[in-house]
Amino acid sequence: MAHRRTPRHRRMWTVTAAAIVIAGGVAPAASGATTAAPCTPGATYGSPLPSQTVAAQLIRSGFTFLEGPTWDRGTGTLLLSHMQNPTGPQGVQPSAVLRYTPPATFETFIAGSGSNGLAITADGTRVLAATHDNRTVSAYRLTDRSRTTIAAGYLGHAFNSPNDLTTGRDGTTYFTDPNYQRGNRADEQGGRTSVFRVRDGVVSLVDDTLPQPNGIVLSPDGKTLYVGSTGANAIMKYTVFADGTTGNRTTFASMRTPDGATIDCAGNLYWASYDEGLVYVFSPSGARLGTISAGRNTTNAAFGGPDGRTLYLTSGVSGGGFGLYRTQLNVSGNPY
């Protein structure tokens, strides 16, 4: 998710509400609702990458800052956050949810969403959003785009700026709360940057010792939670129990500036390194399987496409040089 130094994350390109058809670039797989089922428990998968080093292909450039891609299987489209320049006395970044319909159509789906990280709910009816505009976690109904609040604060205090999130099939949602998009607003978390859980409307603390927690993802079986700590250059791993609580934190892997992440049906992790402009691919054991490159300053990744094997990446240079990229892999994503 968006993070780190102010100049790199504070400018965005404006997209009109009308659909914009793009010429040139790579034409991804044909659009249409995904027909493939979610991951099959106990299935056997081969190598996820066609080679150890993969170069993603550009779909469209010219954006200023993109984040939070998530695939909507019901419509066969990709949703992603488009963050703009900070405005007003509080210096908060406006944001909108864009919708990308392959092969080349972009439109504003939710104007003024205030969003960063996104995730489609298991029933496919809503998109959850880490919303820094009012320092909450929100849900937007996909049919009418109406907004509700999922998590408003913790112990009577506002969050810093919720950044990324992941949700289980039981509706338990985990989210990170660094302070990257807090702007000039008062610190109500006492200098802590944390990971939280919200279940049935109750917010609970997972961990308040990580410096700038960022990307976050659940394993396909929902029994492991992974969190990237940008400030520690590390990915942490937590056991998830049946009631959604967590424990047994260990260091899963080390890498530079871990940003957003996704996971495939085999449990392989795809973690964006902002500074390196790469996505590192790790096996469930933590072994590095290879890298995927997409220009500079890669922020996030998400699986999509009709078979769930297209990996979409957001990457670029703030100020008009951000783009959406894609590459075809061997294993479907979970969820996608």
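How much space lies in the second largest pocket? About 220 Å³ lies there, in a predicted model for which local features need pLDDT of at least 70, side-chain atom pairs count only at pLDDT 80 or more, and totals for chains, interfaces and linings use all residues. Residues are numbered from 1 along each chain as its sequence is written, and side-chain values use heavy atoms, with hydrogens and water left out.

**Overall build**
- The protein chain has 26 strands and 0 helices, where strands are DSSP runs of E with at least two residues and helices are runs of H or I with at least four.
- Of its 336 residues, 58% count as buried, that is, under 20% relative accessible area with a 1.4 Å probe and protein chains only, whereas exposed means over 50% and partly exposed lies in between.

**Second largest pocket**
- The lining comprises 17 residues, and those nearest the centre are Arg 126, Thr 167, Gly 171, Thr 172 and Thr 173.
- Both β9 (126–131) and β14 (194–199) supply at least two lining residues each.

**Backbone features in loops**
- Pro 102 and Pro 103 are joined by a cis peptide bond with omega about 10°, and Pro 103 sits in the loop between β6 (95–101) and β7 (105–110).
- Asp 200, in the loop between β14 and β15 (202–207), is a residue other than glycine with a positive phi near 55°, and it counts as exposed because its relative accessibility is 75%.
- Thr 257, in the loop between β19 (246–254) and β20 (258–263), also is not a glycine and has a positive phi of about 35°, but Thr 257 is buried, with a relative accessible area of 2%.

Note on methods. 1 Å grid on protein atoms, 1.4 Å probe; cavity = no way out; pocket = protein on both sides within 12 Å on 5 of 7 lines; lining within 4 Å. Points joined across faces, edges and corners; volume = space filled by probe spheres on them.
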